[in-house]
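I am opening my notebook on a structure I have not looked at before. I will write down each thing I look up, in order.

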Amino acid sequence: MTENDYLIKVSDLTLSYENMTVISGMSFNVSSGDYLCIVGENGSGKSTLVKSLLSLKKPVGGSIEFGGGLRRNEIGYLPQQTGAQQDFPASVGEVVISGCLNSRGIRPFYSDRERKMAAENMERLGITHLRKRSYRELSGGQQQRVLLARALCATKKLLLLDEPVSGLDPMVTAEMYELISGINKSGVTVIMVTHDISAALKYATHILCLRHESWFFGTCDEFLCSSASDFLKGGASNG
């Protein structure tokens, strides 16, 4: 990989949470087409790292650089579901096209191009028939498809997914993983925070494992051959 090949370059990164260092001296690159799964122990800094990648939190030390034409406001983000999000009073179509807000800028209305993009992403996620339905009336799996379509409206390059299958039943979870894999294979880079190690090993090209006081970055095979995989013996947990 050349110096200009990366979408995200993390160099000697140190992050803190509530004045405590949670990540120290971490370096890794995310290239176009990668599928990076971030796993780790509770409180190991996964959420803090996500905020930093979204430019919502400043590093204590080190840097996060964007390359490959990726701008900071062009990351499609699917956050962890909350009760407030699940009860959001808007139609599916309105939620999906709101992913274009960053590109819309100060224009009062969405453009024809943005409306077409929202329609294409609803079709891609199999939710066109739900376009006029109230988001709050949908099942958890349908809501996640809507939020994924919304995230795709914000980017053509990079999705950042935070526990995208949390709370979903096994069949819907499997469907969601296949959708995300298909999006990745179409050329969209994926970064996914997950506690599902088996899914991470099945779909990811790279694993970033965060533990208290340490971290590991590498391919799935490298992860399994490293001491970082000792983490599997205790099981993964959210955080």
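I start with a cut-off: I call a residue buried when its relative accessible area is under 20%, exposed when it is over 50%, and partly exposed in between. I also note that this is a predicted model.

**Entry 1: the cysteines**

I looked up C37. Its relative accessible area is 0%. That is under 20%, so C37 counts as buried. I then checked C220, which has a relative accessible area of 10%. C220 is therefore buried as well.

How many disulfides does a search of the whole structure find? I get zero. I went back to C37 to see what is around its sulfur. The nearest cysteine sulfur belongs to C220, and it is 7.4 Å away. A disulfide needs the two sulfur atoms within 2.5 Å, so C37 is in no disulfide. Starting from C220 leads back to C37, again at 7.4 Å. C220 is in no disulfide either.

**Entry 2: helix α1**

Next I went to helix α1, which covers residues 46–53. Is it enclosed or open? I find six of its eight residues buried, so the rest of the structure largely encloses this helix. I listed the buried ones: K46, T48, L49, V50, S52 and L53. Then I stepped just past the end of α1. There S55 takes a positive phi of about 60°.

**Entry 3: salt bridges**

I searched the whole structure for salt bridges and found five.

I took E74 and R71 to begin with. Their side chains meet in a salt bridge, at 3.0 Å from N to O. E74 is partly exposed at 22% relative accessible area. R71 is exposed, at 53%.

Then I turned to K116. K116 forms a salt bridge with E120, and the closest N and O atoms are 3.6 Å apart. Where do these two sit? I find both in helix α5, residues 112–124. They are four residues apart there, so about one helical turn separates them. K116 counts as exposed, with 53% relative accessibility. E120 is partly exposed, at 44%.

The next pair I looked up is E175 with R145. Their closest N and O atoms are 3.6 Å apart, and they form a salt bridge. E175 lies in helix α7 (residues 170–185), while R145 lies in helix α6 (residues 140–153). The pair therefore ties together parts that are 30 residues apart in sequence. I noted E175 as partly exposed, with a relative accessible area of 36%.

**Entry 4: S98**

My last stop was S98. Where is it found? I place S98 in the loop between α3 (92–97) and α4 (101–104). Is S98 buried or exposed? Its relative accessible area is 16%, so it is buried.

I followed its side chain next. The side chain of S98 reaches the backbone oxygen of V95 at 2.5 Å. S98 also has a polar contact with R150, side chain to side chain, at 2.8 Å. Finally, I asked which residues S98 touches, leaving out those up to four places away in sequence. I wrote down Y110 and R150.

Conventions:
Residues are numbered from 1 along each chain as its sequence is written. This is a predicted model: local features need pLDDT of at least 70, side-chain atom pairs count only at pLDDT 80 or more; totals for chains, interfaces and linings use all residues. Side-chain values use heavy atoms; hydrogens and water are left out. Buried means under 20% relative accessible area, exposed over 50%, partly exposed in between (1.4 Å probe, protein chains only). A salt bridge is a side-chain nitrogen of Lys or Arg within 4 Å of a carboxyl oxygen of Asp or Glu. A polar contact is a pair of N or O atoms within 3.5 Å; within protein, one must be able to donate a hydrogen and the other to accept it, and residues adjacent in sequence count only if both atoms are side-chain atoms. Contact means heavy atoms within 4.5 Å.
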